[in-house]
Amino acid sequence: MTERSVVDTGTGYGRRKPSHDARLTEVGPGTPMGEAMRRYWHPIATSATLTPDVPHRTRVLGEDLIVFRDGRGRPGVVFERCAHRGASLYYGRIEEDGIRCCYHGWKFDVQGRCLEQPCEPDQGRRRDVARQPWYPVEERYGLVFAYMGPPERKPVLPRYDCLEPQEEGERYHTEWPVPGMTVTGLQQDFNWLQIYENAIDPGHINWLHSQHSGFQFLGTGNTGFPEDFYDPYTVSDRLTYKRTEYGAKYGIRFLDKEEDGVRPERAWGAELHLPNVLVLPDFVKLVPDAPADMLLWVVPSDDTSHRSFFSLRTTDPERLDRFLLGVKQNGKDPWELTEEERQRYPGDGEAQQSQGPITLHSEETLATTDRGVVMLRRLLKAMVDDVEAGRDPQGVSLVEVPPRRTEAGMFTLSATAPAAGV
């Protein structure tokens, strides 16, 4: 008799069709996350580069929009498709008081009111009924923000203590030095949540940015983290996560460089404010107990792409370089890499984009170091639940409030209790 061989287990045969969590990732009009996202302000352009020269095309939360500044200096955000016959206002002409469509010359102001219909009798006897769909905008911190939600629930534009007040000589840096992306943000072709979750996943620092691809943060062992900060086998005992008034944060405890014969214990960490804001400290030149100085927004373009914006407040021009160029792959910037180098020395971009246009949540196997990701997903789902129940979501205020307190950075720990912000 022939003995039957042992049956293989765990193969890929017969698995269910993989799926993503639409409630977390899909952002178009009418979707749960899309409606929740529309209850917040989102950056849509950088102020300094938005000039009355030409209009700019962008896509936000699944909607095709035009952002422009009229001749009076007022920013405006309107639908791309002209309300007359559907021509794109991307080809429009900016004038003193609005934007004029290239097709028949209809002109709209920054709130979509039709000012003139030149081919019509009396320049449009019923032009008041033609309203170009538009969204409210405000400028702050060197950025132009848009609100795309229900008008009756429009919140105040949040303020942040890490970005104000400006001291003498300080300026806001907001522009990505990437051709074609200086005005409407840095675009990447994968779901917004994949990059946002990366910000509450410090475990990847202790593997991807060190053990796998070599030390990628400039300043390692010198102005930045000591090399043993990256030890992946002790990080789980050094990590803490905490919910905050506006979202969540994490801290990684470590022994810093020697000072007067001892290595002080400190904690470094980033913070998230719902729905898509990251408070990111300097990771190249660490300054103990210094306040944070920048914010980064991850704005969904649609379900499979997003744009990133930042505002960095500083008098030090090298601070901008440390943010923009502070992570190297094989000693190079990402655009200098060959495909072989990208494979051998991957960074955040390779890891996040390789998850696919929208990661397949049904295929994940989460573990203890994913506590921050789990916490963020629960917060986002609670945000969606609030909106569906008719409540304002976390962090939204319809009245003016003091600037939000931000708690990211590197903090010195005492022997008895963590310092403020940890």
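This is a predicted model: local features need pLDDT of at least 70, side-chain atom pairs count only at pLDDT 80 or more; totals for chains, interfaces and linings use all residues.

Student: Which residue of β11 does R140 stand opposite?

Tutor: R140 faces L143 there. The two strands form a hairpin with 2 residues between them, and Y141 takes a positive phi near 60 degrees in it.

Student: What pairs with β11 besides that, and over how many bridges?

Tutor: Strand β1, residues 41-46, pairs with β11 over 5 bridges, also in the antiparallel sense. In that pairing, H42 stands opposite A146.

Student: How many residues of β11 are buried?

Tutor: 5 of its 5, across residues 143-147. In a regular strand, side chains alternate between the two faces of the sheet. Here both faces are covered: L143, F145 and Y147 are buried on one side, V144 and A146 on the other.

Student: OK, zooming out. What's the secondary structure count for the chain?

Tutor: The protein chain has 9 helices and 21 strands. Its radius of gyration is 24 Å, close to the 22 Å from the globule rule for 422 residues, so the chain is as compact as a globular protein of that length.

Student: And what share of the residues is buried?

Tutor: 51% of the 422. As for contacts between residues at least 6 apart in sequence, 62% join residues at least 24 apart.

Student: Last one: how far apart are the mean positions of the positive and negative charges?

Tutor: 6 Å, with 51 positive and 65 negative charges in the chain.

How values were computed:
Residues are numbered from 1 along each chain as its sequence is written. Side-chain values use heavy atoms; hydrogens and water are left out. Helices (H or I, at least four residues) and strands (E, at least two) are DSSP runs, numbered from the N terminus. The radius of gyration is taken over C-alpha atoms; the globule rule is 2.2 Å times the number of residues to the power 0.38. Buried means under 20% relative accessible area, exposed over 50%, partly exposed in between (1.4 Å probe, protein chains only). Contact means heavy atoms within 4.5 Å. Lys and Arg count as positive and Asp and Glu as negative; His and the chain ends are not counted. The place of a charge is taken as NZ of Lys, CZ of Arg, CG of Asp or CD of Glu. Two strands pair if DSSP finds at least two bridges between them.
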